[in-house]
Amino acid sequence: MNWLPYDDVADWGSVPDWFGALGSIASVLFVYLGLRREIRARRVDEMRVRATQARLVSAVTEIRGNAVLRVTVTNESDAPVLDVTVLPRLVPSEDPDDPPVDLAGVKQVGRIHGRKSAELFVTVAAARRLHAATDSVLVELTFTDHDGNRWRRIGSGQPEPVN
């Protein structure tokens, strides 16, 4: 017996209709996830290509005496790098997990041509004294590649884009 003025019987379709609907939803979800994975893969490939020159720029430090660092920045790529900044940092020997301590201010080089090196001599702040046998120095290197991308490289780590 129905007390409502309209017919309340809903037609939910048949079992094949339900399977068809579920199949459509599954195929849309499958295409979405595949497209998302492809976009991520292309971004990774694009970043790898962009970082090709940045991986060829490195810095090596040498402790001279107890107050001077010799930093050699090498550009092993064919294109120049611009606006190179060097920030030397001391890695604490007591606990290497502690953050590095700045040794001096930032030094700059305007341009390093392809297949060339630049040497910088950095005087360490008077509060710090270096010991070649025990101290470890990291260099934070920031530069612009030939395509105008800005990069940061800490020690021998991979270059990271700077925004």
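Author: Here is a short walk through some patches, backbone angles and loops.

Reader: Before we start, what am I looking at?

Author: It's a predicted model, where local features need pLDDT of at least 70, side-chain atom pairs count only at pLDDT 80 or more, and totals for chains, interfaces and linings use all residues. Residues are numbered from 1 along each chain as its sequence is written, and side-chain values use heavy atoms, with hydrogens and water left out.

Reader: Which residues gather in a patch of negative charge?

Author: Glu-94, Asp-95, Asp-97 and Asp-98, on the surface. Patch residues have over 30% relative accessible area and no salt bridge, with like charges joined within 9 Å and nonpolar side chains (Val, Leu, Ile, Met, Phe, Trp, Tyr) within 5 Å. A salt bridge there is a side-chain nitrogen of Lys or Arg within 4 Å of a carboxyl oxygen of Asp or Glu. The areas are Shrake-Rupley with a 1.4 Å probe, and for residues only the protein chains shown count as cover.

Reader: Where is Asp-95, then?

Author: Asp-95 is in the loop between strand 3 (81-91) and strand 4 (101-102). Strands are DSSP runs of E with at least two residues, helices are H or I with at least four, and both are numbered from the N terminus.

Reader: What about a nonpolar patch, which residues make it?

Author: Val-15, Phe-19 and Leu-22 make one of about 340 Å². Phe-19 sits in helix 1 (residues 15-50).

Reader: Is Phe-19 buried or exposed?

Author: Phe-19 counts as exposed because its relative accessible area is 59%; buried means under 20%, exposed over 50%, and partly exposed in between (1.4 Å probe, protein chains only).

Reader: Switching to backbone: what's the phi of Asp-83?

Author: Positive, about 50°, although Asp-83 is not a glycine. Asp-83 lies in strand 3 and is partly exposed at 45% relative accessible area.

Reader: And what is phi for Arg-115?

Author: Near 60°, again a positive value in a residue other than glycine. Arg-115 is in the loop between strand 5 (107-112) and strand 6 (116-123), and at 57% relative accessibility Arg-115 is exposed.

Reader: Last one: what does Asn-149 touch?

Author: Leaving aside neighbours within four places in sequence, Asn-149 is in contact (heavy atoms within 4.5 Å) with Arg-50, Phe-143 and Thr-144. Asn-149 is in the loop between strand 7 (136-144) and strand 8 (150-154), and is buried, with a relative accessible area of 17%.

Notes: Lys and Arg count as positive and Asp and Glu as negative; His and the chain ends are not counted. The place of a charge is taken as NZ of Lys, CZ of Arg, CG of Asp or CD of Glu.
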